[in-house]
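Here are my notes on the model you sent. Please read them with the structure open.

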Amino acid sequence: AGLDYTIPKGTPFILTGTGTDAETNGALTFTWEQNDPSSSTETSGASSVASPTKTAGPNFRSVAPSASPVRYMPALSTVLNNSLTSTYESVSNVARTLNFTLTGRDHGPLGQTNTDAMVVTVNANVGPFNVTSQNIPNTSWTQGGTETITWAVNNTTSLVGSANVDILLSTDGGLTYPIVLKANTPNDGSEAITVPNVAAPFCRVMVKPTGNIYYDISPVSFAIGYVVTTTTTC
């Protein structure tokens, strides 16, 4: 399950585990689960759902095992829709400790499991950390040009692993971020980047600390190397 981390309030994060098995050549499935039991007042009605103000109990639902040991908290689809809270998952805007376990399942003949725990501590005096640029719909970048990425730091440099950030580009609408626009640059809230030589109609930018697990994504999609037009139907 990896190291424990402290993250800013109101900010999504990514849990990343590792696991191998000699019998199945590493073919495991993984389940990340929050391991914070609810109190008697949190098991029904409005108190049972995820909330940014909950100080105890789970804020993230259990999901089916996956071949990937990576889980976005909350779900990446929620963040791409510019929301950080749903019925089943929510970031925390209050100080609290989130306990997680990662279970690896071996699907070989012996069918074994193993579980490891890690802790995410939310610091309510820091954050939110969020990308503030690339927020205007129907815009396009020109390959080889210069663009500026901005983000709200909100004292996150005080957190371990947060002195520098990586700026990543998605060309598939925000599902994956394989292109590094700038690596290990100071977490100072602004960075000029050179637009890569790619063409894609639906791009997003992710900014994440180099040595921590939280992140944020630019609010709307933009294009690279495309002319964007808007059609209105009456």
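1. Glutamate 191 and lysine 182 form a salt bridge, with 2.6 Å between the closest N and O atoms. Glutamate 191 has a relative accessible area of 15%, so the residue counts as buried. Lysine 182 is at 27%, so this residue is partly exposed. Keep in mind throughout that the model is predicted.

2. How many salt bridges does a search of the whole structure find? The search finds three. Another of them joins arginine 96 to aspartate 36, with the closest N and O atoms 3.9 Å apart. That distance still passes because the cut-off for a salt bridge is 4 Å. The pair links distant parts of the chain, 60 residues apart. Arginine 96 lies in strand β5 (residues 96–106), while aspartate 36 lies in the loop between β3 (28–34) and β4 (70–73).

3. Are arginine 96 and aspartate 36 buried or exposed? Arginine 96 has 6% relative accessibility and therefore counts as buried. Aspartate 36 has 11%, so this residue counts as buried too. The cut-off behind both calls is 20% relative accessible area.

4. Glutamate 89 forms a salt bridge with arginine 71; here the closest N and O atoms are 2.7 Å apart.

5. Aspartate 166, in strand β10 (residues 164–170), is buried yet has no salt bridge. Why does lysine 208 not count as a salt-bridge partner? Lysine 208 is the nearest side chain of opposite charge, but it is 5.0 Å away, and a salt bridge needs the nitrogen within 4 Å of a carboxyl oxygen.

6. What does the side chain of aspartate 166 meet instead? A polar atom of this side chain lies 2.8 Å from the backbone nitrogen of asparagine 184. The side chain also makes a polar contact with the side chain of threonine 210, at 3.2 Å. Leaving out residues up to four places away in sequence, aspartate 166 touches Lys182, Ala183, Asn184, Met206, Val207, Lys208 and Thr210. Lys182 in that list is the salt-bridge partner of glutamate 191.

7. Proline 37 is worth a look on the surface. The residue is in the loop between β3 and β4, the loop that also holds aspartate 36. Proline 37 has 70% relative accessibility, so it counts as exposed. Apart from neighbours within four places in sequence, proline 37 is in contact with Gly57 and Pro58.

8. Last, the chain as a whole. The secondary structure comes to one helix and 15 strands. The radius of gyration is 19 Å; a compact globule of 234 residues would have one near 17 Å, so the value agrees. The C-alpha trace spans about 55 × 45 × 45 Å along its principal axes. Of the 234 residues, 41% count as buried. Among contacts with a separation of 6 or more, 71% join residues 24 or more positions apart. The chain exposes about 11300 Å², and carbon and sulfur atoms supply 52% of that.

Conventions:
Residues numbered from 1 in each chain as written. Predicted model: local features only at pLDDT ≥ 70, side-chain atom pairs only at ≥ 80, totals over all residues. Heavy atoms only, no water. Helix = DSSP H or I, 4+ residues; strand = E, 2+ residues; numbered from the N terminus. Buried < 20%, exposed > 50% of the residue type's maximum accessible area, 1.4 Å probe, protein only. Lys, Arg positive; Asp, Glu negative; His and termini not counted. Polar contact = N/O pair within 3.5 Å; in protein donor to acceptor, adjacent residues only side chain to side chain. Contact = heavy atoms within 4.5 Å. Rg over C-alpha atoms; globule rule 2.2 N^0.38 Å. Areas by Shrake-Rupley, 256 points an atom, 1.4 Å probe, with all protein chains shown as cover.
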